[in-house]
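Look over the model first, then read the points below.

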Amino acid sequence: MSKVEFSNREKNLYKKLLKCYECKQYRNGIKISKQILDVFPNHGETISIKGLCLYGIGKKEQGEKCVKEGLRYSINSDLCWRVYGLIHRYNRRYSESLKCYRNAIKMDAVNLTVLRDSAAIEIHLREFDNFRETRQKLLLQSSTKTACWVGYSLGYYFCGDYKNALCVFDSFNEDNTDYKSLELCEKGNIVLYCVKLYMLNQEYQNALNYIYKSKDTILDHIQIWKVMVEILQKLNRFEDCLQVYSCLLNANPHCMGFIKGFIDISKIVHETKNSVEVLCELSSKYPSSVAIQKMLILASDGENLKMIIRKMVYDAAKRSQFSLVEFLSFMYKDSYKMQMLHTVLNEICKTIENNYILSPYDNVEETVYPKTFELCIYYYMACNDLKLKNYDLALSFTSKCRQHTPNFVEVIELEVIIHHQAHDNKKALELAKFCQSLDYADRFLNQLYQKSLLLNNEIEDALLTMHAFSRDNSNPIVQLADMQCLWFITMQCEAEYRRGRLDHSLKYCHQIFNIFVNIINDQIDFHSYCLVKYFINAYIDFIHYEDTAMQHYSFKRASELAVKIYLEIYDGSENFLICKMKKIKIDDSILTKTFKSCKRNKPIVDIYDKPTEILEPNQYFSTKTPLIDCLPFLKNLILNFPDDLHTNYLAYKVYKRIGNLQEIFKYLKNCIQIDENHYYTHECIYDVLTTISNNLNQTEIDALPQFLQNINIIQLVDNWRDKNKNSIFHQYIYSKCDKNVEKFEENLYIILKDMVDNKSKPNCSDYVHIYKEIQSQSSLNLKENVMLHFKNTLHKIFPLLKL
């Protein structure tokens with residue numbers, strides 16, 4: 001506190017000021033603060049609270065200025081430091097906020113509110129050791145509060161010290177008044193957490209005893225049964241374990257995990273039984289469980305498997321269950337089961353063409369069957385051929401469906417997907433538009449239409465469609481960002497890139513990056529809430545989930561695209577010359593600062609504590625530091641996808657341009673370890689051997705990794721060509737490397753001939769990508785007749801393809 005003695009009037013005004021702030025009566029608070037400051041103009045606490053009130057009414061800059069001024073007048077005031085910490089917290093400058101809270105704790109070590117706020121930020125920043133120490137201080141100040149004991153135990157848990165985490169609860173007295181006043185569900189959560197600690201310390205018998213002792217306080221029976229089966233297995237009490245699994249299956253017979261566990265334990269208890277027998281018993285007991293049917297298919301083979309599939313198809317078609325093939329998608333991972341499903345569907349289809357169906361239960365020919373049965377079978381056949389990439393056959397079956405029921409939405413939707421996968425996006429768009437016209441108010445059909453528009457790069461029309469569902473006629477782009485609609489922004493970002501508007505694409509990449517940063521930063525208040533409400537186990541799971549939030553596919557796609565665009569900006573910018581190794585002109589202090597921020601334990605806040613500023617598209621494109629701008633994306637990719645080949649390939653390309661030899665060899669080695677025969681890896685090796693090594697002195701050449709020394713590069717590329725002669729990707733990359741266009745043309749003819757002769761199974765997307773890449777690649781000029789032959793062959797193999 002500043003050394004100012006208030007009169008009774010000012011004391012009362014100061015109390016009113018604090019109350020106004022707590023009740024969010026900010027304007028009244030500002031008036032009262034002015035009355036105090038008229039008498040005591042240098043009173044730091046009053047100036048700081050006035051700053052908070054100004055911040056509350058939207059005058060953020062003025063409010064922050066007042067808070068700093070108040071701190072200047074009362075540098076030793078814990079309240080001023082706490083207020084300054086709050087301002088940093090509102091602005092998501094959590095590291096700075098934590099420093100302010102720690103200064104406040106130095107002034108007032110027993111302030112529980114400051115300690116709780118400090119602990120919340122420490123767990124958010126994953127400073128687990130500091131979090132444990134802060135929770136210890138809270139416990140010492142308030143040892144009767146159950147939340148303080150739980151928080152202190154969690155501090156040890158997150159540090160990996162499970163033994164001491166359990167010892168905290170050994171010291172906890174369950175007879176205290178605060179614990180007795182808790183709701184039954186809150187006590188149950190604490191019990192489950194203690195059981196988890198016993199298991200982590202491998203004290204399984206103690207865990208079981210504790211469950212029996214506290215059984216009446218646990219309301220989540222399924223969760224405690226799941227824990228019990230794990231404990232009983234560890235204690236080799238398999239018969240008891242089987243009984244608990246029976247309880248779990250009675251509660252939820254559709255859970256694959258419960259079924260697998262029951263089968264494994266049954267085979268131990270009843271040694272003569274096999275998986276199929278156990279599953280048949282379960283199937284008769286729980287006939288509605290599709291999970292048991294799925295397990296039965298996985299365990300069966302031969303005629304038994306065929307009969308199970310026939311019954312499933314027959315029953316699903318009679319119920320008009322159009323999602324059957326999607327449910328059976330796991331069968332396509334096994335060629336034998338995939339072929340069996342294909343055979344069964346063909347057999348049923350043939351009987352329908354002869355105007356009867358054969359019942360799988362009694363082999364009786366049924367001439368009277370539901371009208372939708374035929375529609376379902378044709379739909380299943382279309383879905384099956386789509387999975388097998390037989391697009392012509394799939395469309396022939398959808399035509400039969402349309403003849404049966406002309407405007408059946410599911411069939412039209414399937415046709416849209418078929419045309420998209422066959423790279424006939426214009427036809428897919430026509431069908432999606434017709435599908436939308438059947439019901440303009442249907443959100444799903446509008447979403448299908450929007451996706452088709454974006455795949456055709458018609459972004460403006462897609463936004464107009466989205467505008468129909470926006471509130472108050474607001475800007476749909478702003479609303480999409482507010483709602484964190486990742487699928488639309490990701491597809492919009494990729495569509496802008498295909499249109500060649502790299503600046504707009506880069507803007508949306510930053511928008512997606514910010515969405516994920518906001519998702520993480522918005523959880524700061526959740527940390528305190530979970531401890532107050534004792535959602536301990538869910539909170540621990542949430543912390544682990546939060547650490548993997550940036551592993552979402554949208555973040556990966558946007559980050560990879562952003563790095564790619566920044567590399568294109570760097571390579572094509574007039575601001576940069578093609579720099580030789582160790583002569584690259586980048587501000588080292590900026591790079592060093594960026595790298596130092598990447599030394600924390602977890603990936604969630606490694607680069608930024610707050611989102612990047614969303615700029616106008618042209619501002620991204622006019623950057624003079626593209627390599628530095630791409631580092632936030634790249635670093636988070638590396639942290640969240642360390643074993644992904646494409647991530648390491650992009651890292652290699654970035655650090656090659658930066659000129660960091662150590663990082664170059666690190667990511668090259670990673671590529672080799674992940675897949676030494678991949679064309680990305682070969683491209684990096686060739687690049688190192690030809691480009692980089694030519695710019696090194698003898699000392700640096702001697703320091704090269706062993707696997708890069710004494711290699712004949714010409715012979716190496718020839719060996720690669722022979723080894724991967726059937727891969728168009730490999731052949732294309734090798735030709736880009738050594739500029740041997742004639743060799744690529746020769747190999748391309750061989751690959752295309754093999755495709756026509758069905759000696760190799762082609763992937764439409766791969767060949768379309770290569771064709772478009774060659775078209776846009778000025779360094780690899782193929783003869784006109786070669787490109788025409790390539791195009792005609794692709795049309796021959798993929799008739800629906802539009803190039």
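The buried residues of H43 are Val-741, Phe-744, Glu-745, Asn-747, Leu-748, Ile-751, Leu-752, Asp-754 and Met-755 (buried: under 20% relative accessible area, 1.4 Å probe, protein chains only). This is a predicted model: local features need pLDDT of at least 70, side-chain atom pairs count only at pLDDT 80 or more, and totals for chains, interfaces and linings use all residues. Residues are numbered from 1 along each chain as its sequence is written, and side-chain values use heavy atoms, with hydrogens and water left out.

**Helix H43**
- The cover over its buried residues includes helices H41 (713-723), H42 (728-738), H44 (764-776) and H45 (784-797).
- H43 has 16 residues (741-756) and should span 22 Å at 1.5 Å a residue (1.5 Å times one less than the number of residues).
- Its end C-alpha atoms are 23 Å apart, which agrees.
- Helices here are DSSP runs (H or I, at least four residues), numbered from the N terminus.

**H6 against H7**
- H6 (residues 94-107) and H7 (residues 112-124) pack at about 150 degrees, axes 10 Å apart (lines fitted to C-alpha atoms over the stretch in contact; angles run from 0 to 180 degrees between N-to-C directions).
- They are therefore roughly antiparallel (angles over 145 degrees).

**Leu-208**
- Leu-208 sits in helix H13 (residues 204-213).
- Leu-208 is buried, at 0% relative accessible area.
- Leu-208 touches Met-228, Ile-231, Leu-232, Leu-235 and Arg-237, leaving aside residues up to four places away in sequence (contact: heavy atoms within 4.5 Å).
- Leu-208 and Met-228 are 20 residues apart in sequence, with C-alpha atoms 7.2 Å apart.

Conventions:
Helices (H or I, at least four residues) and strands (E, at least two) are DSSP runs, numbered from the N terminus. Buried means under 20% relative accessible area, exposed over 50%, partly exposed in between (1.4 Å probe, protein chains only). Angles under 35 degrees count as roughly parallel, over 145 as roughly antiparallel, 65 to 115 as roughly perpendicular and the rest as oblique.
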